Amino acid sequence: MSKVDNWRALLSGRNTDEVVTKALVRDVQLPYGAGTMALITLDNGFDHTKPNTFGPNGLFALNGALSEIAERTDLAAVGVTGKPFIFAVGADLKGAAALSTREEALAIGALGHHVFRRLSELGIPSFAFVNGAAMGGGLEVALHCTYRTISSGVPAVALPECFLGLVPGWGGTQLLPRLIGPAKAIKLVIENPLSQNRMVKGKEAYELGVADAMFEPADFLEESLRWAARVVKGELAVERPAHEEDWDKTVADARFLVDMKLRGASPAPYRALDLIAQARTASRDEGFAAEDEALADLLMGDELRAGLYSFDLVQRRAKRPAGTPDRSLARKVTKVGVVGAGLMASQMALLFARRLEVPVVLTDLDQARLDKGVGYVHAEVDKLLGKGRVSADQANRLKALVSGSLTKDAFADADFVIEAVFEDMAVKKQVFAEVEAVVSAECVLATNTSSLSLTEMGAGLAHPERLVGFHFFNPVAVMPLLEIIRGAATDDATLATAFAVGKSLKKSSVLVKDAPAFVVNRLLTCFMGEVVKAVDEGTPLEVAEHALDGLGLPMSPFALLQLVGPAVGLHVAETLHEAFPDRFGVSENLAKLVAAGKPGVYRPDFTLDPEAVALFSGGTSPSTAEQVRERVLAALAREVRVMLDEGVVAAPQDIDLCMILGAGWPFHLGGITPYLDRTGIARPRFLPPGVASLPA
């Protein structure tokens, strides 16, 4: 049996649900008399909402097409492109999850390498015409080709494998650094996946050197064929710059940054760095074999299953929020009011203007604050213009949409008014009383409160049914989560409007019951409270601060406190202590830190401030790092159980989604509830109805 036959026998039936991406071949006569090109179109038979992926059968289909092409002697070139809007987005993840042995994992890696590398070994030039989204194995197909063109309209180019607990396993770690240099390759392979799975667009991919030419979407394929013809005829030489950077130092610097971010918690980025380091000297066979080994190890690891669970939450549940009312009930929003002109309010104003493209009016107590808020928005628009994110016309329109007013009369024709004032119940109730006096009966009133009761907030309103919680996370433009809170009186039309606005803002919204501190802040306060309590008891601050480093959390506890501000942390702790005095305490030492006016325990250079640290001294019952870790996780498990019993959210998956998107809970841990389940901390386990298990 041939290698391909062996792989076919081993992988047959692994994923019976595979949507096979076919390799459709047609002959194209290249312009300028350059000869015949066999053009392969990758197409799974569905529209762009179901992208092309590669499972075993898709790889066998492409291999068969390449075998037929290899037998021909009349071809000048071979080309690969995708169906409309999609080139290919990588491996079939359902199939990856179905692999049960390391032998199978090695086989899928070796099969992908065998098929894709044929594009560079046909004896004629090969061209990838990247017409749409190209991710993972889809980008690796293109990298195996001799030349690449890309459409300026491509919305996403990425190697997201490290985000899921894998490495690019079909040539990406070997071919990309040789093509564009190790620093740029590390950006795509490691830095972007670890930065909330950032994608680059077609123009940026071209500027990075991933593609040799870029054309506009309208006539992309035609222009690509003309360009390819000139290359085939020798009229156009493709020049790629040499990479002068110190390869070893670049990899070492990246390893340091990964350590800072993950502290060794997830193996995938480290394996990817090892492979990129190896690419400097390894032969193609050696590099691809090393990728096979790394891929097989990671496919059999817990991190992949956890990552796939997280990915499914973000890709599916986040797009179909549980408990959303009928969308037809949503009211149209043509103008937005924002009460307050501080940093959070100004960030919200910019987001509403950019995404909804409607007038946004800020109000505040005096002209100076108002000018500062509007000025912030205009300055941020100028930054977007400088980065090429908006055109000059778009920048002018955005600036014109955002204005300020000292009176709330400016909200008279608003459809949606949100407050972002001081976190004090009396202040917020006064604000809404003033707003309700001037807005229409259909105007939605939204609060950005992080912890206060909506039901109490709306008690004095004539129409409390139109009050809804709309809790953003800082920074507003970056953090994807939006907690939408339903008060006791909130009606379906208001809730439907809130979800519709959240979707227009491109946020992932989760419905939350009106409960103290909702989801993210409640769990973060629980987490922080246990760490601070350990320090109050006498645990050295440095020990408690780093006790949970092994989880790979995006920020250590006291660094997080520095970010949100000790006063805010103290306020939320007090709110939760008032609601649940048996589970949430208030640290006297944290109160001292706030009273001292300290921004946290760190100085601007992020060394510890001895004066701040001294405020936490005096305890006589220190804990070890392991004891701190255990008490924090046990407290989180307890609080998650209480929240589920209280119905704060519909299911455990919603808590996981909130923590992933709002608190940066690492993808590789697979959500907080399955992590607590599989580590044995949660008893009983957090299993939603009808689900036998979460990721192992």
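So, overall size: for 696 residues, a compact globule would come out with a radius of gyration near 26 Å, and this protein has 28 Å, which agrees. Keep in mind that what we're looking at is a predicted model. The C-alpha trace spans about 80 × 60 × 50 Å along its principal axes. In there we've got 29 helices and 17 strands. Buried residues make up 55% of the 696. And if you take the contacts with a separation of 6 or more, 74% of them join residues 24 or more positions apart.

Okay, let's zoom in on one pair of helices. Two packed helices get described by the angle between their axes and the distance between those axes. Here the pair is helix 21, residues 520-536, and helix 23, residues 557-564; they pack at an angle of about 120°, with the axes 10 Å apart. That makes helix 21 oblique to helix 23. As for handedness, helix 21 passes helix 23 in a left-handed crossing. Which residues of helix 21 and helix 23 make the contact? From helix 21 you have L524, F527, M528, V531, V532 and V535, and from helix 23 it's P557, F558, L560 and L561. Sort that contact by class and you get 10 nonpolar residues, no polar and no charged ones.

Now walk back a bit from helix 21, into the loop between strand 17 and helix 21, and you'll find A517. Its phi is near 65°, a positive value in a residue other than glycine. Is A517 buried or exposed? With 0% relative accessibility, A517 counts as buried.

There's another one with that kind of phi: K506 is also near 65°, and it isn't glycine either. K506 sits in the loop between helix 20, 492-504, and strand 17, 508-513. At 62% relative accessibility, though, K506 counts as exposed. For background, most residues other than glycine have a negative phi, and most peptide bonds are trans.

P475 is in the loop between strand 15, 467-471, and strand 16, 481-486.

Last stop, G373, which you'll find in helix 16, residues 367-386. G373 has 0% relative accessibility, so it counts as buried. What does G373 touch, leaving aside its neighbours within four places in sequence? That would be A341, S346 and L362. S151, on the other hand, is 222 residues from G373 in sequence and 38 Å from it in space, C-alpha to C-alpha.

How values were computed
Residues numbered from 1 in each chain as written. Predicted model: local features only at pLDDT ≥ 70, side-chain atom pairs only at ≥ 80, totals over all residues. Heavy atoms only, no water. Axes fitted to C-alpha atoms, helices over the stretch in contact; angles between N-to-C directions. Helix = DSSP H or I, 4+ residues; strand = E, 2+ residues; numbered from the N terminus. Parallel < 35°, antiparallel > 145°, perpendicular 65-115°, else oblique. Left-handed = near helix turned anticlockwise from the far one by under 90°. Contact = heavy atoms within 4.5 Å. Nonpolar A, V, L, I, M, F, W, Y, C, P; charged D, E, K, R; others polar. Rg over C-alpha atoms; globule rule 2.2 N^0.38 Å. Buried < 20%, exposed > 50% of the residue type's maximum accessible area, 1.4 Å probe, protein only.
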